[in-house]
Amino acid sequence: MIKIFHFADLHLDSPFAGGDIKRSEEGRKRLRDVFLRMMRHVRETGYDIVLIPGDLFEDGYVTNETANMLRSELASLECPVFISPGNHDPYHRASPYACISFTDNVHVFSSESVEKVDIGKLGVSVYGYAFTDSLYRSSPLAGVATEPDKINLLCAHTEINTPLTPYAPMSFSDIESAGFTYAALGHVHKAPDHFTTDGCACAYSGFGEGRAFDEIGKGGALSVTIFETGEKAKISIEKLSFSSYSFEILPITLMGARSDAEVADIIENTLPGTGFGKNTALRIVLEGVTDGDYRPNVTELRKRFANALDYLEIKDKTSPEGSYALLRKDSTLKGEFYRALEDKLTSGDERERAVAVTALRIGIAALEGRDISVFLPYENENEGEA
């Protein structure tokens, strides 16, 4: 039995450029804490091998503090560690990988050519390679064949089953035909289900902890156990989480809401059931239909609920569809304005539809002599890291 700890895409020392200085440093500290919890788990659980297939850190941003932490924590492990640098932490002469004096239990692959390292006492061979730049357009596994009498592991930063990707293209069939027992993969943050056949498996561990709203939920790592059961190995893969913080998106559907008070009541009744709190960055997306041309004031709504979470933003994607039928029949200038926009209001393009809805609200308000400033984009509607 061989027990493997597999994680990738932690992106230590990410700049968190979308936040202020304090929030950026908090984000970087959270990532370091995740790494420390992972290493404590490895020490306490007892693994035979640690595989890190890339993007362990952000090249060019790594501090001395983080470099020293990496060296110290990896040195504390009683098992071999293999690292395959990825597109965000490529191996080059000035990279932290080349400058940190890792202990003998740590092996960093440093070439685009696949290298094999044998662990004789385990009957295991570990294969890996390195990104040496931000792109790697060729297939790393071309011409690679393993020894059939061993457990063969691949540590690979790659995008599989996407032939034209510039990120070390390979396929699951490449991995299987080369004779690998398990392939520890990095690069894809939203980890798909692992790929398995009889005696071969490969998996992405996904992101270590979310850094923005494109990394939703708890991040993690994989605990992989390989049992030798005769000619074919049996492989068990367990997802673990070491996150204390998460980014979450909560869609809330409105049905004919007419005021901020109504919307606030809906949010207030919804939040307690989510379990989101002070360790959550939350984006609420208001969807559905509002009454007439009412538009939720997301700035005021955010102020009301911000203290319940570490970070909150609210996006308004509602539509005043309740007034469409009346406007379609309206014989005044308001009806003409609506009919001029109708194709865009019902467009299949979400962006075009959203712009048309805002235009309709502004146009109707202007024709009625009302203040149009309330329909302009709110200050917190910009995308980016929290």
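Predicted model: local features only at pLDDT ≥ 70, side-chain atom pairs only at ≥ 80, totals over all residues.
**Group meeting: helix packing and aromatic pairs**

Now the overall picture. The protein chain has 386 residues, and 49% of them count as buried. Its secondary structure comes to 9 helices and 15 strands.

Let's turn to two helices. H1 covers residues 21-45 and H2 covers residues 64-75; they pack with their axes 11 Å apart, at an angle of about 10°. Because angles under 35 degrees count as roughly parallel, H1 is roughly parallel to H2. Which residues of H1 and H2 meet? From H1 we have Arg32, Phe35, Leu36, Met39 and Arg43, and from H2 they meet Glu65, Thr66, Met69, Leu70, Glu73 and Leu74. By type, the residues of this contact divide into 6 nonpolar, 4 charged and 1 polar.

Staying in helix H1, have a look at methionine 38. Is methionine 38 buried or exposed? Its relative accessibility is 0%, so methionine 38 counts as buried. Setting aside neighbours within four places in sequence, methionine 38 is in contact with Phe5, Phe7, Gly208, Gly220, Ala221 and Phe242. For a sense of distance, methionine 38 and asparagine 105 are 67 residues apart in sequence, and their C-alpha atoms are 17 Å apart in space.

Phe5, Phe7 and Phe242 belong to one aromatic cluster together with Phe35 and Tyr47. Phe35 also takes part in the contact of H1 with H2.

How many aromatic pairs does the structure hold? There are 14. One of them joins tyrosine 245 and phenylalanine 247, with 5.7 Å centre to centre and 70° between the planes. Plane angles over 60 degrees count as edge-to-face, so this pair is edge-to-face. Both partners are tucked away from solvent by the accessibility criterion: tyrosine 245 is buried, with a relative accessible area of 2%, and phenylalanine 247 is buried as well, at 1%.

Arginine 30 lies over the face of tyrosine 245, at 3.6 Å from the ring centre.

Technical notes: Residues numbered from 1 in each chain as written. Heavy atoms only, no water. Axes fitted to C-alpha atoms, helices over the stretch in contact; angles between N-to-C directions. Helix = DSSP H or I, 4+ residues; strand = E, 2+ residues; numbered from the N terminus. Parallel < 35°, antiparallel > 145°, perpendicular 65-115°, else oblique. Contact = heavy atoms within 4.5 Å. Nonpolar A, V, L, I, M, F, W, Y, C, P; charged D, E, K, R; others polar. Phe/Tyr/Trp six-rings, centres within 6.5 Å; stacked < 30°, edge-to-face > 60°. Buried < 20%, exposed > 50% of the residue type's maximum accessible area, 1.4 Å probe, protein only. Lys NZ or Arg CZ within 6 Å of the ring centre and 35° of its normal.
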